Amino acid sequence: MTYIYVYVVFLSRCEQQMSNLLQTFLQKADTKAFDSEHKRKLLFNIGKYNATVIKGKKQYADLEYVRKKAKNIKWKVMENLDKYLIEFETNFTANGGKVIWANDEKEAQQEILKILQKKGARMAVKAKSMATEEIHLNEFLKEHNIESVETDLGEYIQQLDGEAPYHIVTPAMHKSKDDVAKLFNEKLGTDLNLTAQELTLVARKNLRQKYVQADVGFSGANFILPDIGGIAVTENEGNGRLSTSFPKTHIVLVGIEKMLTGVNDLNIFWPLLSTFGTGQKVTVYNTIFTGPKKEIEADGPEEMYVILLDNGRSKLLAEERQREALYCIRCGSCLNACPVYKNIGGHTYGTTYSGPIGSIISPHFKGMDEFKHLSNASSLCGNCTEVCPMNIELHSLLLYNRNEAVEKGYSTLTERTVWKLWRRSMLNRKTMEKPSPSIKNMALKMLFKNSWGKRREMFKIAPKSFNKMWAEKFPPTE
């Protein structure tokens, strides 16, 4: 009985010991999980995605062979990443470009600021880039009175609404056409009854002016190509090409894990990314940049910088069990398959990368101690692993993260004590049988009133345990 009371006392203090990030996560998750309208929009959009991906996969005669080959390429890259990075720097510099190495968010921000201040830049256009979201580029530039305009339609919508991207591939996945029409009406003064095509034309008209006015253009990169000293960008709207060709300066911010062995790998990775990302056979615009424009070229930037961002990636690379997460090509398929993501949405995670892959890499990028709770935001159903084009064992990596958090002492005293008591009880039949069912039910009610009991009828312990019923039916013989 003593164990039960101690167990209850310790668990009742769990909420007091929660970090602010965890409390915020739980509050947002609770709100979104019971927001029927949010869930309706999200499931509608994910349903459309699922239908197109099934069709897209039919282009492969042997999809599993391609997935295995792609994974082997990324394995080779990660095992020799230092060599490929140097090879890229050498060849890109020879092409007339400039390479900058950034250890973390602050270094990347300061290097970008130096370039913009040197150019006297007052406005920048930005193609879709999760790496720039990772370093909070828009907010940073605004602090230094530099306007940064998102040119991807989904990102543009999110920027107008003052929100971060909701999804790795589809930034405004949680919004309906009516939501966008209302937003444009409030921010741009357009008619509430505009069609989707008309709304797109409004954004197009506004953004076309920005391309020619911008001093600097930003982009990310889907892949780094060391053998030719280039970066590859894949997109569907053409805004990436406009953002990188009109301004006189093109700045690329890319995570070091985006490396391939060479340009010939693209025949595997471009179709794989488009198939699992959007269900297309190949994305509409696929571009390779190898430096600033040459004398024989009519357009393009006069200067091109590539900032190689670490920001925790080296730490993850050093983890032998979890480094496989760096094989990710950011297709977003694991988000769309995840039952947790489909219930709580992208913003709940509170990080740049959400869903299963975000729950794995974010604790390594931002700190295991504060973000370890994300690796528990999973049902471990394994659906994310099944749909991953790179065959990353995502559900296993989530478990490895949980294990690492415990091994490094990031679990609370409450958690450790509770598990010790639970283990002691489970290994001792007398301890399990000693408290009466009424005391056990009271303990369960106290323990789970704010979790299970918040929205469900509390479960109850049976009057007799299976052990007692067995003993009554089959009395032990002397």
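This is a predicted model: local features need pLDDT of at least 70, side-chain atom pairs count only at pLDDT 80 or more; totals for chains, interfaces and linings use all residues.
Six strands form an open sheet in the order 1-9-7-4-2-3, and their pairing is parallel. Strand 1 (98–102) and strand 3 (147–150) stand at the edges, and because each has a single partner strand, one side of each is left without a neighbour in the sheet. From one strand to the next, the twist averages 20°.

**Helix 11**

Helix 11 (residues 177–188) has twelve residues, which at 1.5 Å a residue should span 16 Å, and this agrees with the 15 Å that separates its end C-alpha atoms. The residues on its two sides are set out below.

| Side of helix 11 | Residues |
|---|---|
| Buried | Val-180, Ala-181, Leu-183, Phe-184 |
| Exposed, turned away from the buried side | Asp-178, Glu-186 |

Viewed down the axis of helix 11, the buried residues fall within an arc of 165°, and they therefore line one face of the helix. These buried residues pack against helix 10 (153–161) and helix 12 (196–213), whereas the face turned away from them carries the exposed Asp-178 and Glu-186. Helix 11 is followed by Gly-189, which has a positive phi, near 75°.

Note on methods. Residues are numbered from 1 along each chain as its sequence is written. Side-chain values use heavy atoms; hydrogens and water are left out. Two strands pair if DSSP finds at least two bridges between them. Helices (H or I, at least four residues) and strands (E, at least two) are DSSP runs, numbered from the N terminus. Axes are lines fitted to C-alpha atoms, for helices over the stretch in contact, and angles run from 0 to 180 degrees between N-to-C directions. The expected span of a helix is 1.5 Å times one less than its number of residues. Buried means under 20% relative accessible area, exposed over 50%, partly exposed in between (1.4 Å probe, protein chains only). The arc is that of the directions from the helix axis to the C-beta atoms. Contact means heavy atoms within 4.5 Å.
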